[in-house]
Amino acid sequence: MQPTPDFTPPKLAKSLLRRSRQGALATLMAGSGDPYCSLVNLASHPDGSPILLISRLAVHTRNILSDNRVSLMLDERAAGDPLEGARIMLSGRAEQDDNEKDLLQRRYLNAHPSAEAFVSFQDFSFFRIRPTGTHLVAGFGRIVDLKPEQFLTDLTGAEDLLAAEEGAVEHMNADHREAMTLYATKLLGAAAGDWRCTGCDPEGLDMQDGQTALRLDFPDRVTDGAALRKMLVRLAGEARAKTDRIPD
């Protein structure tokens, strides 16, 4: 089946990865290899790969420690028939990444602040799913298999931006909540709310109000803190221009 001309699969898959806060995690039962599925909370790494905070007491974690092959189903929770909304089935391997523990913890807690109570528990650990591919379904004529390089964000050359991310997120939430509201309402068409920044990467900004997450794509790639600031000022100006525009 050939995709329809107005369909951009990588963009939709990236958006679902960035905006999803829950998903159905499929693992293989230790010993038998039988399929096992569970509901998990998740956040995203700067490259878009999913981050999990899971307990070793849970069946799915014991399964992963035995065989780390997993799949993760994410959907956009559209109103009406859920089968009419977009969804992805991401396959990959779940790995505990101690080298990036601080990064995984920060981004996960930005998305799920209430999970801070579990971080200090010895049985809880952060895992990152490293994708091997994804199957995207978004309606008739919109079914595509994608490779990781098509839906993950390339972080090459963005070391300065990643180093500046934590401070940028804190600064936006402390001093620029008005701008966050403008991004959400004027650029993304969302309702007004308590919008806050949860992360940024070379391709965009993630924001959240409660469990509702939005993705603000950048028109141009940014790779350092100075470029990020210019981009956010530019987008705030575009949002304000829409506010000031008088309808005909």
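In this predicted model, helix α2 (residues 59-66) has H60, T61, N63 and I64 as its buried residues. These residues lie on the same side of α2, because the arc they cover around the axis is only 160°. The elements that cover them include the strands β1 (22-28), β2 (35-41), β4 (50-55), β5 (69-75), β6 (87-96) and β7 (124-137). An α-helix has 3.6 residues a turn, so residues three or four places apart point the same way.

Helix α3 (residues 101-111) packs against helix α6 (residues 159-175) with the axes 12 Å apart and at an angle of about 25°. Angles under 35 degrees count as roughly parallel, and α3 is therefore roughly parallel to α6. The residues making the contact are L103, R106, R107 and N110 on the α3 side and E165, E166 and V169 on the α6 side. The crossing of α3 past α6 is left-handed.

The description now turns to a sheet. Three strands in the order β9-β10-β11 form an open sheet with antiparallel pairing. Since β9 (196-201) and β11 (212-217) stand at the edges and each has a single partner strand, one side of each is left without a neighbour in the sheet. On average, neighbouring strands of this sheet are turned by 20° against each other, direction ignored. Five bridges join β9 to β10 (residues 204-209) in the antiparallel sense, and D201 stands opposite G204 in β10. Helix α1 (residues 9-19) lies across β9, β10 and β11, and runs at about 135° to β11.

Note on methods
Residues are numbered from 1 along each chain as its sequence is written. This is a predicted model: local features need pLDDT of at least 70, side-chain atom pairs count only at pLDDT 80 or more; totals for chains, interfaces and linings use all residues. Side-chain values use heavy atoms; hydrogens and water are left out. Two strands pair if DSSP finds at least two bridges between them. Helices (H or I, at least four residues) and strands (E, at least two) are DSSP runs, numbered from the N terminus. Axes are lines fitted to C-alpha atoms, for helices over the stretch in contact, and angles run from 0 to 180 degrees between N-to-C directions. Contact means heavy atoms within 4.5 Å. Buried means under 20% relative accessible area, exposed over 50%, partly exposed in between (1.4 Å probe, protein chains only). The arc is that of the directions from the helix axis to the C-beta atoms. Angles under 35 degrees count as roughly parallel, over 145 as roughly antiparallel, 65 to 115 as roughly perpendicular and the rest as oblique. A crossing is left-handed if the near helix is turned anticlockwise from the far one by less than a right angle, and right-handed if clockwise.
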